[in-house]
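Visitor: Could you walk me through reading a structure like this one? I'd like to start with helix packing and end at the ligand.

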Amino acid sequence: TFSEAEKAAISSLAAKISPHADDFGAEALDRMFLSYPQTKTYFSHFDLSAGSKDLRSHGGKIVKAIGNAAQHVDDLDHALSSLSDLHAQKLRVDPGNFRLLSHSIQVALAAHFPGEFNAVAQAAWDKFLSAVSSVLVSKYR
Ligand code: ZNH
């Protein structure tokens with residue numbers, strides 16, 4: 001469960017990135033692919049060059065899903081249910097990769113919001129992104 005302070009830190013930054021979902025998501029993906037090249041294997045059908053149409057489109061989808069999750073932090077299982085089915089049944093992304101994307105998202109937040117993304121906000125986002133990731137891998141078997 002999330003404290004009121006954690007919820008505030010999550011929703012405030014989620015509201016700031018959602019108007020720039022494509023740009024922000026593409027940057028997070030680019031950071032993930034550069035730092036953790038093994039994650040590129042899931043996207044062999046994409047143009048992975050920085051700022052490509054594929055990265056912006058996919059990045060936008062991820063940021064929108066995170067924005068939706070940020071509005072349902074007390075009910076992530078329900079809010080992410082169909083996305084959880086998709087990751088478990090179709091995508092089957094190795095669970096270890098979720099930490100790598102979560103880290104890349106946090107670095108992008110730090111780069112764009114150096115004042116607001118302080119240690120307390122980072123801890124809240126780390127907890128939030130781990131919770132989102134656990135739901136997305138919860139139906140693997
Ligand atoms: Zn995932 C897809 C979200 C993680 C891989 N994804 C996806 C989508 C979304 C997401 C929203 C879209 C869906 C539809 O279309 O319907 N993810 C997400 C999130 C997360 C994730 C929120 C965390 C946080 N993923 C992930 C990872 C990986 C992935 C880590 C690897 C590395 N995904 C993926 C893929 C896909 C997806 C491959 C498909 C793409 C295409 O389009 O093809």
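This is a predicted model: local features need pLDDT of at least 70, side-chain atom pairs count only at pLDDT 80 or more; totals for chains, interfaces and linings use all residues.

Visitor: At what angle do helix α1 and helix α3 pack?

Guide: For a helix pair, look at the angle and the axis distance together. Here α1 (residues 4-17) and α3 (residues 53-70) pack at about 150 degrees, and their axes are 9 Å apart. The crossing of α1 past α3 is left-handed.

Visitor: Which residues make the contact?

Guide: On the α1 side, look for Ile10, Ser11, Ala14 and Ile17. From α3 come Val63, Ile66, Gly67 and Ala70. Sorted by class, that contact has six nonpolar residues, two polar ones and no charged ones.

Visitor: How far apart are Ala8 and Leu101 in space?

Guide: Their C-alpha atoms are 22 Å apart, with a sequence separation of 93 residues. Leu101 takes us to the ligand, as one of the closest residues to it, along with Tyr42, Ala65, Val93 and Asn97.

Visitor: How many residues surround the ligand, and which element gives the most?

Guide: There are 19 in the shell. Helix α3 gives the most, with five residues, while α5 (81-91), α6 (97-112) and α7 (119-137) are also among the elements giving two or more. By class, the shell has 14 nonpolar residues, four polar and one charged.

Key:
Residues are numbered from 1 along each chain as its sequence is written. Axes are lines fitted to C-alpha atoms, for helices over the stretch in contact, and angles run from 0 to 180 degrees between N-to-C directions. Helices (H or I, at least four residues) and strands (E, at least two) are DSSP runs, numbered from the N terminus. A crossing is left-handed if the near helix is turned anticlockwise from the far one by less than a right angle, and right-handed if clockwise. Two residues are in contact if their C-beta atoms, placed from the backbone, lie within 7 Å. Ala, Val, Leu, Ile, Met, Phe, Trp, Tyr, Cys and Pro count as nonpolar, Asp, Glu, Lys and Arg as charged, and the others, Gly among them, as polar. A residue is near a molecule or strand if its C-beta atom, placed from the backbone, lies within 6 Å of it.
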